[in-house]
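Thanks for coming. I will walk through one model this morning, and I would ask you to keep it on your screens while I talk.

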Amino acid sequence: MFKVAVQTGGLDERFGVDKAYQLIKEAGFDGVDANVNHLQRYGMIQDRVLGPAFSPELSEKEMLEYFRPFGEAAKKYGLDNYQAHAPYPSMITSDMNDPFNTVMMDVLKKTIVGCASIDCQNLTIHPFFCNYDNQMDRRTEWELNIARYSELAEVSKKYGVRINLENMFTGHKGKLYAACCNSGPEAAKYVDELNRLCGEDTFGFCMDTGHALIASLDIKQFLTDLGDRITCFHVHDNDGVHDDHQAPYTGKLDWDRFMEGLQAIGFDRTLSFETHNAVCSVPEELIPQTLQYICACGRLFSDKASKKE
């Protein structure tokens, strides 16, 4: 059996952090995926603008005040800040040499420190890759990721926060394609090499079920390729074409095969849902029931994946 969590995104923007945690607790979840990436949003990164939380003028103590609500709410409602999402993209996707990429490395390091301050043990940091029209060759992409994740590793080890890579996608003319880490063997190679360089298990993998579906991957095979390297999840469904972030059984993912994969690897950590669009697409009055449904899916997955064949 494993625990079940859900992201704060979709809730904290609408109700604030405290109320988001309250709703998550009341729905029956054990923990959360804290969307601290809202402190440095996607659009701000694309515009090369720093959020207030990451101003170089702030002391570490002042910076941590922006993370404090996530820690206080977790304690108040008895929830585990099991994982968090770092600001993304991790670099300017149109140019690997953009000066703001150096700024983003500082943002990511500070996010690791922030996670430690709210007792969050897992941080998902997107791989470093360029968009479809500016793709790097595979060797350059590999070397860039090894170098930048290795730079983050020292902070990770110091503060005891595991860095999790994620399977990604890119787009062209409305079509989505597999990108960095969107194959089991490649993802496993990254995690193993980074941990070898660190000399300890500093890195893990956050498997995104929706991204796997977009890339037409066999979900069970992806799970078994990675095995115990998978330390956290972004579980959600979609139509196989768009990154919809919807609740299970509302899209095209083969959830029976997903559960078979969980059983095959003996997953026993926390299964976290990234289903913000599910709660954003219903009236406010139905959000509690929507969260309860998502939690029920997690309990079902845990029950079926834990049964012996």
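This is a predicted model: local features need pLDDT of at least 70, side-chain atom pairs count only at pLDDT 80 or more; totals for chains, interfaces and linings use all residues.

First, the ground rules. Residues are numbered from 1 along each chain as its sequence is written, and side-chain values use heavy atoms, with hydrogens and water left out.

Let me start with strand 3, residues 80-85. Helices (H or I, at least four residues) and strands (E, at least two) are DSSP runs, numbered from the N terminus. On the terms: buried is under 20% relative accessible area, exposed is over 50%, and partly exposed is in between, with a 1.4 Å probe and protein chains only.

What does strand 3 pair with? Strand 2, residues 31-34, runs parallel to strand 3 and is joined to it by 3 bridges. Strand 4, residues 122-124, also runs parallel to strand 3, again with 3 bridges. Two strands count as a pair if DSSP finds at least two bridges between them. For a specific place to look, G31 has D80 in strand 3 as its bridge partner, and H85 stands opposite T124 in strand 4.

Next, some single residues. Y77 lies in helix 5, residues 68-77. Is Y77 buried or exposed? Its relative accessible area is 15%, so Y77 is buried. Leaving aside neighbours within four places in sequence, Y77 is in contact with D18, Y21, Q22 and K25; contact here means heavy atoms within 4.5 Å. With D18 there is also a polar contact, side chain to side chain, at 2.8 Å. A polar contact is a pair of N or O atoms within 3.5 Å; within protein, one must be able to donate a hydrogen and the other to accept it, and residues adjacent in sequence count only if both atoms are side-chain atoms. As for K25, Y77 is 52 residues from it in sequence, but the C-alpha to C-alpha distance is 6.5 Å.

T202 sits in the loop between helix 8 (184-198) and strand 8 (203-208). Its relative accessibility is 4%, so T202 counts as buried. Not counting residues up to four places away in sequence, T202 touches A153, S156, K157, R162, I163 and N195.

T290 is in helix 13, residues 287-306. T290 counts as buried because its relative accessibility is 13%. With residues up to four places away in sequence not counted, T290 touches A278, V279 and V282.

Now the charged pairs. How many salt bridges does a search of the whole structure find? The search finds 17. The rule for a salt bridge is a side-chain nitrogen of Lys or Arg within 4 Å of a carboxyl oxygen of Asp or Glu.

R68 forms a salt bridge with E65, where the closest N and O atoms are 2.9 Å apart, and a salt bridge with E72, where they are 2.6 Å apart. R68 and E72 are 4 residues apart in helix 5, so about one helical turn separates them. R68 is partly exposed at 38%, E65 is partly exposed at 39%, and E72 counts as partly exposed at 43%.

D106 and K110 form another salt bridge, with the closest N and O atoms 3.2 Å apart. These two are 4 residues apart in helix 6, residues 100-117, so they too are separated by about one helical turn. D106 counts as partly exposed at 35% relative accessibility, whereas K110 is buried at 18%.

Last, the surface. Y249 is in the loop between strand 9 (230-234) and helix 11 (255-265), and its 41% relative accessibility makes it partly exposed. Together with Y293 and L300, Y249 forms a nonpolar patch with about 270 Å² of accessible area. Patches are made of residues with over 30% relative accessible area and no salt bridge; like charges are joined within 9 Å, and nonpolar side chains (Val, Leu, Ile, Met, Phe, Trp, Tyr) within 5 Å. Accessible areas come from the Shrake-Rupley method with a 1.4 Å probe, and for residues only the protein chains shown count as cover.
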